Amino acid sequence: ESAVIQLALLALRGTDFAELMKAASTYVVQTMDLELCGIFELLSVGNAFLLREGEGWDEGVVGHRLIDRNPSIAGLALNSSEPIGIDSYLKQDTFKDVTLLQEHGVASGLIVPISLSEQTFGVLGAYATKEKLFSPEEIQFLHITANILSSALEQQRVKASLEQIQTNLELQVAERTAELVAVNQRSLAPHQLAPH
């Protein structure tokens with residue numbers, strides 16, 4: 001509960017999304033007593049995932065490696081819109097991302113989608129180096145964390161959209177004011193030349 005409250009407060013304060021993802025990764029690892037956490041963004045080009053933020057990952061390997069959405073556990077979580085728990089990756093051979101996870105010593109994991117109103121952002125994954133069954137409380141915690149990230153991202157996108165609208169309106173007002181000043185100067189010019 002403490003981690004959820006701290007993360008929610010960061011989101012309410014408008015903390016930058018990159019910083020919020022970093023905090024979320026740290027809270028997940030500490031709260032669930034795990035070795036790794038990753039926030040993977042679904043890329044529109046190539047239909048693949050890329051690690052956006054993580055705790056415990058070897059950045060040089062994972063940060064530059066794309067995971068195909070279709071034959072992956074992350075893709076399964078997105079397609080089902082539900083948390084997916086795998087208690088033993090070592091027994092899995094149907095998913096292409098298992099090799100990557102095994103390279104990092106991951107034995108089990110829990111993946112939750114990060115959904116937005118109009119599209120999907122990606123997935124939040126919590127991973128252990130030993131086989132583990134995730135409790136309903138852990139699943140709920142990860143799900144709430146994903147929802148906080150979703151809400152914060154939506155909020156930041158709305159804010160950016162409103163700022164763009166405001167900038168556009170200010171430009172339109174400035175252009176219209178300049179036009180009115182020019183028209184006013186043209187209409188006053190003949191009167192100024194006429195003798196009194």
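Residues are classed by relative accessible area as buried (under 20%), exposed (over 50%) or partly exposed (in between), with a 1.4 Å probe and protein chains only. The model is predicted, so local features need pLDDT of at least 70 and side-chain atom pairs count only at pLDDT 80 or more, whereas totals for chains, interfaces and linings use all residues. Residues are numbered from 1 along each chain as its sequence is written, and side-chain values use heavy atoms, with hydrogens and water left out.

Rings of Phe, Tyr and Trp (its six-membered ring) are paired if their centres lie within 6.5 Å; planes under 30 degrees apart count as stacked, over 60 as edge-to-face and the rest as tilted. The count by this rule is one aromatic pair. Phe17 and Phe121 form this edge-to-face pair, with 5.5 Å centre to centre and 85° between the planes. Because Phe17 belongs to helix α2 (residues 17–32) and Phe121 to strand β6 (residues 120–128), the pair ties together parts that are 104 residues apart in sequence. Phe17 is buried at 5% relative accessibility, and Phe121 is buried at 3%.

Helices (H or I, at least four residues) and strands (E, at least two) are DSSP runs, numbered from the N terminus. In helix α1 (residues 2–12), the residues Ala3, Val4, Leu7 and Ala11 are buried. The buried residues of α1 fall within an arc of 100° seen down the axis, so they line one face of the helix; the arc is that of the directions from the helix axis to the C-beta atoms.

Glu137, in helix α6 (residues 136–193), is exposed, with a relative accessible area of 56%. The C-alpha atoms of Glu137 and Met32 are separated by 9.8 Å, at 105 residues apart along the chain.
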